[in-house]
Amino acid sequence: MSLASQRINYGRGSRRSIFAGFDPILTIAVALLLVIGTLLVYAATRNWYAANGLDPEYYLKRHVINIAIGSLLAWGTTVVDYRLLRAYTPILWAIGVLGLTAVLIPGIGDEVNGSKAWIGLPGGFQVQPAELAKISIIVGMSMILSERTHDTDSPQHTDVLQALVVAAIPVLLILSQPDMGTVFIIGIAVVTIIAVSGAPMRWVVGLILVAVIGSFAAVKVGVINDYQVKRLQAFVDPSADSQGSGYQLRQARITVGSGGLIGTGLFNGPQTNGRFVPEQQTDFIFTVAGEQLGFLGCGFILILYLTVLMRAFGIARKSNDPYGKLVCTGVIAWFAFQTFENIGMTLGMMPMTGVPLPFVSYGGSSMFATMIGFGLLQNVNARNRG
Amino acid sequence: MNQRARLSLLVVQIFIFSLLVGLLGRLFYLQVAAGPKYRDAALSIQSRDVVTPATRGLIVDSSGVPLALNRVGIAVTVDRTKIDRQPDKGVAVLRSLATLLNLQYADIYQRTRLCGELPKGSRAGCWTGSRFQPIPITKEADPEIALRIVERSDQYPGVSATPVSIRNYPASAGVNGAHLLGYVGPLTDADLSGANGRSYFRSESIGKAGLEIQYDEYLRGMPGIKTVIVDRKEAVTSTSQNSKPIGGNHLVTSIDARVQASAESALADAVRRARASGYRSDGGAAVVMDIKNGQILALASYPTYDPNAFERGLTVAEAENLYSEAAGVPALSRALQGLFAPASTFKSVSVVAAANAGYDLNATYDCPSQVEVGTRTFQNFDSKAQGRISLKKALAISCDTIWYRIAFDEWLRDGGLKPKSNANDYFYTAAKGFQIGKKTGIDMPSESSGRLADRQWRKSWYEQNKDFYCNYKERAPKSQQTAFLLQLAYENCLDGDKIRAGDAVNFSIGQGDTVITPIKLAQMYAAIGNGGTIWKPTVAKAIVKTDGTVLKTFSPEKLGTIPANKETMKFLHSALREVVVSGTGAGVFSGFPLAISGKTGTAQVFGKNPNGSQKSDTSWFASYGPTEKPRFAVVMMVSQGGFGASTSGIGVRKIYETLLGVQGSKVVSAKIIFPSGIPPVGLPKISPATKVKEAK
């Protein structure tokens, strides 16, 4: 590949069609998840809002708008060559860090469920900088770890250290919100990126050890808030806190279990319509699928996620550019573990943390971030061919 | 890209793949394998049953007069889940409610406490139901006061007033019937857990005692259930099921309200009379039975309580009084649960024993003032020598010494302290034949079985007590270390497992460790009166549906026959008549225009009253009549009531007066309760409006 031919690929001129280079199966799977998500958000909110004299389509409308904006962002992410993105990475990262700093300032950050994770905007909108920070960490780390300053094939210790600093600053800010779910997902993405970057294995093993010891120490020393300890306890023993976290986890499990093989039918679930599970359009949206669509519907959703992830692995493997490969890996780890944490929490396999289900949960910031992530995957895929 | 990175990617891919497969597996477990369990759990979260209690069936007497019916009352209820949320835990609300209802705050406080919340020993009047159902303070509130509560609901948070159906015992003909009928109350957690195999709804009532509990399953009916689906705010979103309440069935009893009322007043009167004579007279019972089939016409116990007090709302004092020793434990049904030595009424059994042992019933026997049995002397009741008299006369005047001799002889014949393996045991066999020590099987709850102190009982008693008596000095309190008691303990330790001569002679005159209930004695004398058949006493005659069709009838049940031949029965009949003609019962029945047969009993009681005084004798009178064509058995017992004749005998006479229409020394035919001589055979029409037929 000559320098000249590379240069041609960079400009706008290379665009043949706005969908050129899209992986069709990945696209269809994500589109189906978005459709199912829309129906579930509507199912989760319509009855309760109607019964309380509010607009039953309030969430539906906003969700559709979020998807529209997210699709534009995904498309935008796709059309700009990801290698060009590299140049903007430091700016993206800086914006993320600024946002994360801002949420901690009283008066700017809104506290929801004990976490200062939101910045209120006029018109009732809120943004969650942590969601966008995930992208800047993935892109930033990939950039550092794929640059070869030495004549070696794999990153050196200094590269890994640099990459860790890039990740550590936003992670520390998120820790102080605190938002343990996001920290968990970012942490896994960081370790995965380092592992796949070809960096010495000592780093991977060491980081995992640090994470395990760190979480134990956090619980002991009391860095973690009271309510987070309770959530953890509720996971270990759901009857310990029957009105708080334990209640939510129990309700979630009952709601999913009551769906049975085929579910109660879309919009028909008494558990969902009675709103016995809190946060059921956001973090607990999978309970709606569980009750109304049953094992068959939920299994289908899991297969869609599996499709998205396995296609993404294919893209990562095909990529001959270390940067693209690492970006893909980061996005995969993010999607996979966020999905696992969210559904696992709903099914009682994971402790309760407030992370949304990618492509499905209601929530703008999360939707935008996941759609950008999706755009990155398509972007790498497109450049693989080009 | 190096090889290791490629491998890492593959490892990550496999790991993520297996995580998602893990989710699928968990999902399969929750939704398919454990799905039904979670569906049930979800249903209990979403659905609420609105229960409309069924109208409870009536309890009527044999001619249809209602003994228990339903009335509409106004219940003032307190919702604990709401008042507990007040800053002062509802103290102010309950205080102002107490003022409004003119009740004591302490009573209201107690009534709204779950029994488990209160320390043991001060739970009287507590709420036996659950925290989650409105707790009634009273079910008979003044409508005006109820209206005030409803209008100013902001002043009385958690308090509401609603019309309810309440159980009412109308006292037809003046009947109290507390021990017979029982009462209803809230379900306990044990009831709700399905301990008795039935399922209930929280807001229902359940029979708590007497016939109300015995026939609860028939009387209760089926509550109407409306199952609604609710949301998290408990707002109803839909109705999934709706059934109308089905009224409970009526219970027709063999009780006659007039006889019951008469038995109650005669009993109370007997107690009063005994007290006037200086006896402590702490309780009593009266039973009237149809000897031809075991049906109960009246069943009374003293002291009693007001069965309507439970629906009105018990005060702490009332609730404590129910089980208070000082008040004589009014909750105790002495007719079924009171255990007393039968004393001379037992001699009818001894007659059967003597006859079976070959003694000539028509011979004469010596009745000295005392008899030496081994080293001990046993006195005649009044320590008088009567000379040689017939056995019939002996029974009439209640000579004890004749029986001591016979019992002692038989005891020696059976081996004395070294009993033969094939001992005849005529006395124990006869008592077993009368089914002493077994429950009568009456269709009422909590009957006591009594005790037959035979050889077997003696052995098991010894096994349980030898440790105590053989270490009496160490085990017994200082106050019980008198010379007599020490000697007794020594003897008990030595050969307490054996029937001693003293035990044998005491047994023959109904003293000692053998105890029976008044209902048992009525069953025994009914059997003597009818020629030997032991019937199972019954109160219920039939269960009748609200539309008048008969659901179930209860037929008389024969439990056995007295082990006496015709000759013995004939002798017993004439001897028991002689008691009333010339014997211990003659005085109380003098001038009575109809022939009655019976036997007095005056049982010595050992032990002391709470105030330290020696316990007085138990007064018994067991009878059947009219002698020529016997139909009824009447038994009365007054504990610590003194002599059998003067206390219980007069009571029994009064009951016969009502039953047989006797006024003074004449029979007034218009006053006879059953003009045909027998209680109604068929079933009455049932209506809450049925009035008592006043025999005039």
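Predicted model: local features only at pLDDT ≥ 70, side-chain atom pairs only at ≥ 80, totals over all residues.

A: Two residues are said to be in contact, or to touch, if their C-beta atoms, placed from the backbone, lie within 7 Å of each other. Residues are numbered from 1 along each chain as its sequence is written, and chains are lettered from A and ligands numbered from 1 in the order in which they are written.

The residue to begin with is A:L377, which is found in helix α14 (residues 364–385) of chain A; helices (H or I, at least four residues) and strands (E, at least two) are DSSP runs, numbered from the N terminus. A:L377 counts as buried because it has 29 C-beta neighbours inside 10 Å, where buried means 20 or more other C-beta atoms within 10 Å of its own, exposed means 12 or fewer, and partly exposed lies in between, with C-beta atoms placed from the backbone. Leaving aside residues up to four places away in sequence, A:L377 touches A:L26, A:A312, A:I315, A:C328 and A:V331.

Next come the annotated spans. UniProt, in an unreviewed entry, annotates several stretches of chain A as "transmembrane region", among them 21–44, 293–314 and 359–377; positions are given in the numbering used here, feature names are shortened, and such annotations may be inferred rather than shown by experiment. Residues 359–377 of chain A are 74% helix and 0% strand, with end C-alpha atoms 14 Å apart, whereas residues 21–44 of chain A are 88% helix and 0% strand, with end C-alpha atoms 36 Å apart.

Helix α12 (residues 285–318) of chain A deserves a look too, since its 34 residues would span 50 Å if straight, at 1.5 Å a residue, but its end C-alpha atoms are only 34 Å apart; the expected span is 1.5 Å times one less than the number of residues. This α12(A) has a kink of about 125° centred on A:L293, the bend at a residue being the angle between axes fitted to the seven residues ending there and the seven starting there.

Taken as a whole, chain A has 14 helices and three strands, and 52% of its 386 residues count as buried. Of the contacts in chain A with a separation of 6 or more, 70% join residues 24 or more positions apart.

Chain A also meets chain B, for 44 residues of chain A are in contact with 33 residues of chain B. On the chain B side, α1 (3–33), α2 (35–46) and β8 (224–230) each give two or more residues, and the largest share, 17 residues, comes from α1(B). This side of chain B has 21 nonpolar, seven polar and five charged residues, where Ala, Val, Leu, Ile, Met, Phe, Trp, Tyr, Cys and Pro count as nonpolar, Asp, Glu, Lys and Arg as charged, and the others, Gly among them, as polar. In chain B, an unreviewed UniProt entry lists residues 7–29 as "transmembrane region", and that span is 100% helix and 0% strand, with end C-alpha atoms 33 Å apart. The predictor gives the complex an ipTM of 0.90 and a pTM of 0.68.
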